[in-house]
Amino acid sequence: MQKVASLPLPSADALGASQALSTVIGDAIAAAGGWIGFERYMSLALYAPRLGYYSGGAAKFGRGADDGSDFITAPELTPFFARTLARQFAPLIGQALPHVMEFGAGTGRLAADLLLALEAEGALPDTYRIVELSGELRARQQDTLARRAPHLAARVQWLDALPDAFEGVIVGNEVLDAMPVRLFARIGGRWHERGVVRQGDTFAFQDRLLADAAIPARLAAIEGDHDVVTETHDEAEGFARAVGALLTRGAAFFIDYGFPASEYYHPQRVGGTLMCHYRHHAHPDPFLYPGLQDITAHVNFTGIAEAASDAGLTVAGFASQARFLMNAGITDLMMSLDPSDAASFLPQANAVQKLLSEAEMGELFKVIALTRGIDDALPLAGFSRGDRSYAL
């Protein structure tokens, strides 16, 4: 198993779980004839039952390596993220859409804070459904809700599969980036699919030449013949189509880091976007400690928009996270804090600055809204200025 000297070492128990997952992945490679596409590797590394990163017991979400976590998300930074979303969601809930469903609920912090904020807005949903496959994460979510919003916890329902139909508001924060991607490499002007083989006690990339008819259209359109490594998002786009199939009326908001296709597949982006996160360190090696680190790729929002449109949804807005949050009133909400109370004000101000700053999350993260059957007379405030739907 590969090691990186600058990264913290896992515990013996964690290493044992990683080695068990490596055996599962190795068996899958052997059963497939010695090679699997990277999408299959990433799926097993993240979601193999009881051993994958998201299906196992790793801490994942937190503020630093000392708490055993690997990264922090916007809801963990500050409750003002959820409070601002509540300002956008409240008019929709008031438009006879009294149900909310969340994908990728993590620790449950967004669910708890969003319910509290919607209660304060006078727009408390009848139900708040969380789609969650991980038993460990479901338990954390239940604990978070019991601590932060005990009087609202009974409104929360957990689902282990997509419902056949849903009417209401859907939210997913950093869920699309965690869906497995296919890897491709253009080498010497020829496109290959980049897959995974067993190499001793770890894994390695191995490329397979693609026939011209098998080259995805987006890749074939990348100008030039220079070497390129990039991804396609078949699973995330399939998920967008599934959301389109189940959303009978309402709005779905997805917040994640990524680009429209013109930027994602720009000829100068030659190295792709695949990245791993382990103990708050970002690095490029997806074969390090399988099951103990996050593996992620930026989102191609054009692909998401096209897949959703194919399923009958309307792209109602696309904006940077900073523009969306400011439009929805995050700065107004900050006025509730007393600047003279430095102990309370400064941590929240710093957290909100991280959400809005172009050098932090403000520009890299985007918000896309997908709707069906929403009254056009009720515009989505988060996209009132700076809507970039034209770029999709």
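**Exercise 1.** Determine in which sense strand 13 and strand 15 (residues 294-296) pair, and over how many bridges.

*Solution.* Strand 13 and strand 15 pair in the antiparallel sense over 3 bridges; strands, like helices, are DSSP runs numbered from the N terminus (strands E, at least two residues; helices H or I, at least four), and pairing requires at least two DSSP bridges. Within this pairing, Ile295 of strand 15 is the bridge partner of Cys276.

The model is predicted: local features need pLDDT of at least 70, side-chain atom pairs count only at pLDDT 80 or more, and totals for chains, interfaces and linings use all residues. Residues are numbered from 1 along each chain as its sequence is written, and side-chain values use heavy atoms, without hydrogens and water.

**Exercise 2.** Identify which side chains of strand 13 (residues 275-278) are buried.

*Solution.* In a regular strand, side chains alternate between the two faces of the sheet. Here Cys276 and Tyr278 point to one face and are buried (under 20% relative accessible area, 1.4 Å probe, protein chains only).

**Exercise 3.** Describe how strand 13 is joined to strand 14 (residues 281-283).

*Solution.* The two strands run antiparallel, with 3 bridges, and His277 stands opposite Ala282. They form a hairpin with 2 residues between them, and Arg279 in the turn has a positive phi of about 50 degrees.

**Exercise 4.** State which residues of helix 8 meet helix 10.

*Solution.* Ala236, Glu237, Ala240 and Arg241 of helix 8 meet Gly303, Ile304, Ala307 and Ala308 of helix 10, a contact meaning heavy atoms within 4.5 Å.

Notes:
Buried means under 20% relative accessible area, exposed over 50%, partly exposed in between (1.4 Å probe, protein chains only).
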